[in-house]
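Where might a protein leave empty space between its atoms, and which parts of the chain surround that space? Please look at the sequence and the structure with these questions in mind.

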Amino acid sequence: MTDVFSIKAFDFPKDFLWGSATAAHQIEGNNIYSNNWYNEQKNLKNGWNGEASGTACNHYNMVEEDVELLGKLGHQAFRMGVEWARIEPHEGEFNKEATDHYIRELALLKEKGIKTFVTLVHFSVPKWFADKGDFQSLENLKYFERYLNYILPKISPYVDFWNVINEFNLGRSEERLTHKFNSVIYHARGYHLIKQFSNKPVSSAHALVQFCGKRQNDAFDLAMQHYMDVINHEFFFHAMRTGELVLPGKDGIFDKEIKDTVDYWSINLYTREMVDARKADLSSKRYPFTETRMLPMNFYLDEFYPECMYHNLSRLKDKPVYITENGCSCDDDDFRIVYLVEYLCALSEAIKDGVDVRGYLYWSFLDNYEWWTYIPRFGLVDVDREHGFKRTPKPSAYFYKEIIENNGYNPEMLKKYLTEMPRIKDLPILL
Ligand code: BGC
């Protein structure tokens, strides 16, 4: 973390789009027909020390209130999931109530003048689809297509930006390689289907982690740094640019249907991962001197590394870029304020260097479910799950609102919210 008070004013291009991002399973609650719900319940029975999603933020029942709040906080765009497991809870049976629910939510956002980013698959899928082997099998494409043919014509009048599948690009196990290889094909199929119903831009959100060799002058660490980059990032960018799907560990293919199936780069960007060639799993802990303890648990985003925003985007100058996730999980909201200034400053530098970034969606609007726990709190808005799911915007939400209103940052704004740098705490480990 650099001294945030030393950062000078910066701004963003005209018509830059500001907002926040969410995922259905993480905020809606009671996503009972999803594979995630089923796995959470199974894990609990087996003595899991994680938490189940349960009612999450109860967003499913609080859509009006949440859309109202987005408007009050000045958000111009909102990324949300339309949950396949609700719409097709049983194979081939489509639920009208859930379909109408999403149409209503999207219509409410549009009435408020908020642009919609819709994710069709954000990790969770219907349990029945998971039982058939989900994206691990290309045989299942027919189910995905049937679902899309049902939902796309209904929601497309309300969608401004499409996101087919969230973050399928990470991992290096045999299973993960198959998953991501196939997901490129699912993504491309999704792209072409969407184009039959909508002329709005399509992408799939890409988790752009900067892989960083632990020892920057060590041949082995650097080779593995490059390898991790290729199998997690370059394979996707290359496939989208050329139609050639090259994923070391798999036989490559060329399919012209894959080429140019992103209209914009949808980038989820948080931090870096250290790569250590001397470890079987290649992973390394962060340097203790860059670690930032913001939560009472060990969490993978425990570093402020705004440089990753700048370094990574320079490879994406060929299409418009939208940051579809970036955010900080902390109990002390002051960290979030510092984070916003530092990451947005780096983003503005990337724009100056010619990256066509057109929008930024903070992750996340609400304190949500982080897949196995509620401890990491990413929200601009606190959710009191014990007391009627009451929403309370944090100071960072108002600070972010000022950034949106000014389409940029100046140190005068910061003074109203922060008088000194927050301190790294010695927190207990709860999980
Ligand atoms: C995912 C979100 C998740 C966030 C923070 C992203 O990789 O898309 O679902 O909550 O990171 O861990």
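The model is predicted, and the volumes given here are computed from its atoms. Rolling a probe the size of a water molecule over the atoms shows where empty space is left.

**The largest pocket**

- The largest pocket holds about 910 Å³ of space, and among the 34 residues of its lining, Phe123, Asn166, Glu167, Leu170 and Arg176 are the closest to its centre.
- When the lining of the largest pocket is sorted by class, 17 residues are nonpolar, eight are polar and nine are charged.

**The second largest pocket**

- In the second largest pocket there is about 550 Å³ of space, and of the 21 residues that line this pocket, those nearest its centre are Glu273, Ser283, Ser284, Arg286 and Tyr300.
- Helix H9 (219–242) and strand E12 each contribute at least two residues to the lining of the second largest pocket, with the largest share, three residues, coming from E12.
- Sorted by class, the lining of the second largest pocket has eight nonpolar, five polar and eight charged residues.

**An element found in both linings**

Technical notes: Residues are numbered from 1 along each chain as its sequence is written. This is a predicted model: local features need pLDDT of at least 70, side-chain atom pairs count only at pLDDT 80 or more; totals for chains, interfaces and linings use all residues. Side-chain values use heavy atoms; hydrogens and water are left out. On a 1 Å grid over the protein atoms alone, a cavity is a set of points where a 1.4 Å probe fits but cannot get out, and a pocket is an open set with protein on both sides within 12 Å along at least five of seven lines; lining residues have an atom within 4 Å of a point. Grid points are joined across faces, edges and corners, and a volume is the space filled by probe spheres set on the points. Ala, Val, Leu, Ile, Met, Phe, Trp, Tyr, Cys and Pro count as nonpolar, Asp, Glu, Lys and Arg as charged, and the others, Gly among them, as polar. Helices (H or I, at least four residues) and strands (E, at least two) are DSSP runs, numbered from the N terminus.
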